[in-house]
Amino acid sequence: MNLLTVDDLSVDLAGVPVLREVGFTMAHGEALGVVGESGSGKSITLRALARLLPDSARQTGTITFDGKDVSKLRGAALREFRRHEVSFVFQDPRSAINPIQRIGDFLLESVRDAGEDVSAVRTQSLQLLRRMGIDDAERRMTQYPFELSGGLLQRVMIASGLLPRPKLLLADEPTTALDVTTQSDVLALADELRREQDTALIFVTHDIDLALAICDRVLVLYAGRVLEISPSQAAVSHPYTKGLLDSRPPIDTRLDRLPSIEGTPIAAAEAGSGCPFVFRCPVALPQCRDSLPDLVEHGPTLVRCHLVEASRG
Ligand SMILES: Nc1ncnc2c1ncn2[C@@H]1O[C@H](COP(=O)(O)OP(=O)(O)OP(=O)(O)O)[C@@H](O)[C@H]1O
């Protein structure tokens with residue numbers, strides 16, 4: 001059985017469409033990267049999965065997590081889902097932590113509420129902090145968030161996300177605010193821990209290279225729609241995903257101007273019945289303006305593109 005099945009998920013916020021017919025599945029322990037330009041719907045997808053959309057949101061479609069319909073969870077079942085089944089790590093740790101609460105109290109807070117064995121969880125917290133590369137974990141537990149650097153605090157947040165041994169960790173650009181070396185250290189440690197725990201990961205990022213490096217598959221969003229789900233750079237087939245790969249800055253040459261995809265993305269609300277990427281696509285066909293094909297298998301990738309369909313004859 002899949003850990004997660006998202007089927008035909010559409011979300012409107014304050015009456016404005018932001019996600020359309022999003023569908024994908026995840027196996028237990030799998031890592032899925034979610035990439036796309038700003039405003040493509042990455043964070044909204046995560047929030048919908050964790051039942052964290054604002055009250056003004058209207059959602060259709062289904063999210064099935066470990067056999068349960070997430071939209072039907074209420075009361076104790078919803079608390080259990082948020083405590084033990086999914087965890088969230090946000091981009092900015094300082095906005096997600098109470099500034100006047102000590103790190104140790106923050107880590108043990110949810111356990112205290114649930115009446116679990118505090119001393120056992122304290123030991124686990126210390127172990128996780130050390131495994132996340134925090135040397136003097138005992139002392140850090142007694143400190144306040146302002147006493148920790150952004151990098152240390154994000155390590156604490158990831159430890160806190162893994163502490164309940166969730167089935168799924170939702171990470172929204174968890175290392176974007178860190179410098180590149182720290183970013184790769186933190187991600188490598190987090191990845192090792194979540195594999196040991198068999199915790200699946202959804203990793204939202206702007207960086208398609210990073211997503212391909214860390215994740216089993218990468219889902220590409222554009223104007224609130226899934227355009228491709230690919231396991232590797234070699235398998236990538238959609239012109240938009242290829243454009244994202246081609247616009248990475250080269251590591252060995254200095255360019256006067258960074259390569260980029262011509263034009264700007266449209267909002268989900270601006271897309272008609274055609275492919276939302278048609279306005280920027282260098283290889284668009286006439287039919288791309290009228291309809292967006294279904295997501296279909298093309299070798300190891302899942303892609304929705306008329307050009308790919310035409311190439312298959
Ligand atoms: N609370 C809200 N009310 C109304 N619209 C919103 C709200 N939050 C997000 N949106 C809109 O939903 C769309 C998707 O936003 P989302 O935050 O998911 O994008 P994103 O891909 O995560 O972007 P970024 O990479 O900039 O974080 C955007 O057009 C955004 O303006």
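Which residues of α1 are buried? They are K42, I44, T45, L46, A48 and L49. A residue is buried if 20 or more other C-beta atoms lie within 10 Å of its own, exposed if 12 or fewer, and partly exposed in between, with C-beta atoms placed from the backbone. Helices are DSSP runs of H or I with at least four residues, strands are runs of E with at least two, and both are numbered from the N terminus.

This is a predicted model, in which local features need pLDDT of at least 70, side-chain atom pairs count only at pLDDT 80 or more, and totals for chains, interfaces and linings use all residues. Residues are numbered from 1 along each chain as its sequence is written.

Just after α1, R51 has a positive phi of about 55°.

Helix α1 (residues 42-49) also gives the most to the shell around the ligand, with 3 residues. That shell holds 13 residues, of which V18, S38, K42, S43 and I44 come nearest. A residue counts as near if its C-beta atom, placed from the backbone, lies within 6 Å of the molecule. By type, the shell has 6 nonpolar, 6 polar and 1 charged residues. Here Ala, Val, Leu, Ile, Met, Phe, Trp, Tyr, Cys and Pro count as nonpolar, Asp, Glu, Lys and Arg as charged, and the others, Gly among them, as polar.

## The chain as a whole

The protein chain has 10 helices and 12 strands. Its radius of gyration is 20 Å, close to the 20 Å that the globule rule gives for 313 residues, so the chain is as compact as a globular protein of that length. The radius is taken over C-alpha atoms, and the rule is 2.2 Å times the number of residues to the power 0.38. The C-alpha trace spans about 65 × 50 × 35 Å along its principal axes. Buried residues make up 38% of the 313.

Among contacts with a separation of 6 or more, 64% join residues 24 or more positions apart. Two residues are in contact if their C-beta atoms, placed from the backbone, lie within 7 Å.

The chain is divided into domain 1 (4-222) and domain 2 (230-313). These bounds come from an automatic or database domain assignment. The C-alpha centres of the two domains lie 28 Å apart. At their interface, 19 residues of domain 1 are in contact with 17 residues of domain 2. On the domain 1 side, β2, α8 (208-214) and β9 (217-222) each supply at least two residues. The largest share, 6 residues, comes from β2. This side of domain 1 divides into 10 nonpolar, 4 polar and 5 charged residues.

The largest nonpolar core has 78 residues, and L170, I202, F203, L219, V220 and V226 touch the most other members. Such a core is a set of buried Ala, Val, Leu, Ile, Met, Phe, Trp, Tyr and Cys residues joined through C-beta atoms within 7 Å. Helix α6 (residues 150-162) gives the largest share of this core, 7 residues. The core draws at least three residues from each of domain 1 and domain 2. Leaving out residues up to four places away in sequence, V226 touches V22, G23, F24, L219, V220, L221 and L295.

## Individual residues

| Residue | C-beta atoms within 10 Å | Class |
|---|---|---|
| A14 | 9 | exposed |
| E21 | 17 | partly exposed |
| G161 | 24 | buried |
| D207 | 18 | partly exposed |

A14 sits in the loop between β1 (4-13) and β2 (16-26). Its phi is near 50°, a positive value in a residue other than glycine. E21 lies in strand β2. E21 also has a positive phi near 50° and is not glycine.

G161 belongs to helix α6. Beyond its neighbours within four places in sequence, G161 is in contact with S87, F88, V89 and L169. G161 and A190 are 29 residues apart in sequence, and their C-alpha atoms are 10.0 Å apart.

D207 is in the loop between β8 (200-204) and α8. Its C-alpha atom is 12 Å from that of P174, and the two residues are 33 apart in sequence.
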